[in-house]
Amino acid sequence: MAVRERRERERAERHRRIVAIARELAEEQGWDAVTTRRLAERIEYSQPVLYGHFPGGKDEIVAAVAVEGFAELATALRAAVEGRREPADAVRALGSAYLAFAAAHPALYSAMFESAALPFAREDTPAPLREAFVVVRDTLAPAAPGDPDRHAEVGWATLHGLATLGRAGRLPPDGAADRLAHAVDLLAARG
């Protein structure tokens, strides 16, 4: 039993290491630089070892990074809104935390929303994605005009749009605070 448990721990550690190195490489050089060959060199394992953990290759690795990112986003959003009594304060904290997360982790954010083919709003949606959505929904619920899920989808889309357009240089940086304040006013307003 001890040998099997040790092997399982070692396998889990290799899995975590592959994900961590892929993420690190992507943050340094972009997702185009993340190849199974490069990962194998960086972690000093053969490519077959990588495929043993991720049969889907790079796409599956990016998806694992993205799921990890959603878990981190959910934690950051939950921490930001915790203890906020006023709904508008909670929405402001949510928006600020969301935009700060996207800005601080550009390659991770890209994996979460652009690179990984993850199922959203389905039964097979990974738990971290659902958890992040629940934080958004519960924070925006006081202003939901009847359907908290739809209001959360619009709220998430608003924050994602601000993050994505801001990162792409499509919005002037000097108006970021005003845009967030306007989004908060819209999302926190009772329907």
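This is a short chat about a predicted model of one protein chain.

Trainee: What secondary structure does the protein chain have?
Mentor: Nine helices and zero strands. Helices (H or I, at least four residues) and strands (E, at least two) are DSSP runs, numbered from the N terminus. Residues are numbered from 1 along each chain as its sequence is written. In this predicted model, local features need pLDDT of at least 70, side-chain atom pairs count only at pLDDT 80 or more, totals for chains, interfaces and linings use all residues, and side-chain values use heavy atoms, with hydrogens and water left out.

Trainee: What does the pLDDT average for the protein chain?
Mentor: The average is 93, and 99% of the residues score at least 70. pLDDT is the predictor's confidence in each residue, from 0 to 100.

Trainee: Which elements have the lowest and the highest mean pLDDT?
Mentor: Helix α3 (residues 47–53) has the lowest, at 91, and helix α4 (residues 58–81) the highest, at 97.

Trainee: How many residues are there, and what percentage is buried?
Mentor: The protein chain has 191 residues, and 38% of them are buried. Buried means under 20% relative accessible area, exposed over 50%, and partly exposed in between, with a 1.4 Å probe and protein chains only.

Trainee: New topic. How many salt bridges does the structure hold?
Mentor: It holds 13. A salt bridge is a side-chain nitrogen of Lys or Arg within 4 Å of a carboxyl oxygen of Asp or Glu. One of them joins Arg-4 and Glu-8, at 3.2 Å from N to O.

Trainee: Where do Arg-4 and Glu-8 lie?
Mentor: Both are in helix α1 (residues 2–29), four residues apart, about one turn of the helix. Arg-4 counts as exposed because its relative accessibility is 53%. Glu-8, at 46%, counts as partly exposed.

Trainee: And which parts does the pair Arg-42 and Glu-24 tie together?
Mentor: The side chains of Arg-42 and Glu-24 meet in a salt bridge of 3.5 Å, N to O. Arg-42 lies in helix α2 (residues 36–43) and Glu-24 in helix α1, so the pair ties together parts that are 18 residues apart in sequence. Arg-42 is partly exposed at 33% relative accessible area, and Glu-24 is partly exposed at 39%.

Trainee: What about Arg-150 and Glu-153, how many residues apart are they?
Mentor: Three, in helix α8 (residues 148–167), which means they are separated by about one helical turn. Arg-150 is partly exposed, with a relative accessible area of 46%, and Glu-153 is partly exposed at 36%. Elsewhere, salt bridges that share partners join Arg-23, Glu-68 and Glu-72 into one network.

Trainee: Switching to packing. At what angle do α1 and α6 pack?
Mentor: About 115°, with the axes of α1 and helix α6 (residues 106–115) 8 Å apart. Axes are lines fitted to C-alpha atoms, for helices over the stretch in contact, and angles run from 0 to 180 degrees between N-to-C directions.

Trainee: Why are α1 and α6 called roughly perpendicular?
Mentor: Because angles of 65 to 115 degrees count as roughly perpendicular, under 35 as roughly parallel, over 145 as roughly antiparallel and the rest as oblique. α1 and α6 are therefore roughly perpendicular to each other.

Trainee: Which residues of α1 and α6 meet?
Mentor: Arg-23, Ala-26 and Glu-27 in α1 meet Pro-106, Ala-107 and Leu-108 in α6. Contact means heavy atoms within 4.5 Å.
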